[in-house]
Amino acid sequence: MINCNSIMPMEQKEIENLIKISIPDAEVTITDLAGDNNHFSAHITSSLFDGKTRIQQHKMVYDALEGRMGGILHALSLKTTVKKD
Amino acid sequence: MNDHVSESIQSTIDSSDVVLFMKGNREMPQCGFSNAVVNALSYLEVKFEDVDVLQSEEIREGIKVFSDWPTIPQLYVKGEFIGGCDIVKEMFETGELSQLFTEKEIAHTKKD
């Protein structure tokens, strides 16, 4: 199995900050899955997800990461949840 | 992405009910995320076409532009982009994937 992640890893805080810049009310929980600073899972809760499909919600997070997805941070598993008031 | 690549992707998507753009193929997935989606589809015994994007850099990058989605794998059902690994896994776990196949009249084994 080829290695899916061979590019500079991103710090967890950097991921959280980038997400919160675009999604200000986001609650972000990040787990480093493999302890290698490059396989993360992120659970994001925000009211801005309300009424959006999962694809749209995940795209909001990818956009927040400004195109780093796929390139620098290949292995970020996402879970999004609508924040209810 | 030039028209030739876009047309090639479109015709691939139109040619089968279920198309998975992945790294590797169903027998030899080359990435854990692609492998996870292959497993979900195999578990539901869904007939699908596997497209190994590692065979063509044009397709590998073109599909990301085509769907405006930055990663591989990408699952398409009856021409519609369903999602990548995270979304397909979540749909599989909640039963929504099986429900989608039922709604789209795609043969599969419903397992609860």
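Modeller: Two strands pair if DSSP finds at least two bridges between them. Helices (H or I, at least four residues) and strands (E, at least two) are DSSP runs, numbered from the N terminus. This is a predicted model, where local features need pLDDT of at least 70, side-chain atom pairs count only at pLDDT 80 or more, and totals for chains, interfaces and linings use all residues. Residues are numbered from 1 along each chain as its sequence is written, chains are lettered from A and ligands numbered from 1 in the order in which they are written, and side-chain values use heavy atoms, with hydrogens and water left out.

Biologist: In which sense do S1(B) and strand S3 of chain B pair?

Modeller: Strands of a sheet pair through backbone hydrogen bonds, either parallel or antiparallel. B:Val18 faces B:Val77 of S3(B). Four bridges join S1(B) to S3(B), residues 74-77, and the sense is antiparallel.

Biologist: What is the hand of the crossover from S1(B) to S2(B)?

Modeller: S1(B) also pairs with strand S2 of chain B (residues 49-52), in the parallel sense over four bridges. There, B:Phe21 sits opposite B:Val51. Between S1(B) and S2(B) the chain passes through helix H2 (residues 32-43) of chain B, a β-α-β crossover. With the strands pointing away from the viewer, a path from the first strand over the helix to the second that runs clockwise is right-handed, and this crossover is right-handed.

Biologist: How many residues of strand S1 of chain B are buried?

Modeller: Buried means under 20% relative accessible area, exposed over 50%, partly exposed in between (1.4 Å probe, protein chains only). One side of S1(B) carries B:Val18, B:Leu20 and B:Met22, the other B:Val19 and B:Phe21, and all are buried. For the strand, residues 18-22, the count is five of five.

Biologist: How far apart in sequence are the parts that A:Lys83 and A:Asp25 tie together?

Modeller: A salt bridge is a side-chain nitrogen of Lys or Arg within 4 Å of a carboxyl oxygen of Asp or Glu. A:Lys83 and A:Asp25 form one, with their closest N and O atoms 3.9 Å apart. A:Lys83 lies in the segment after S3 of chain A and A:Asp25 in the loop between helix H1 (12-22) and S1, so the pair ties together parts separated by 58 residues.
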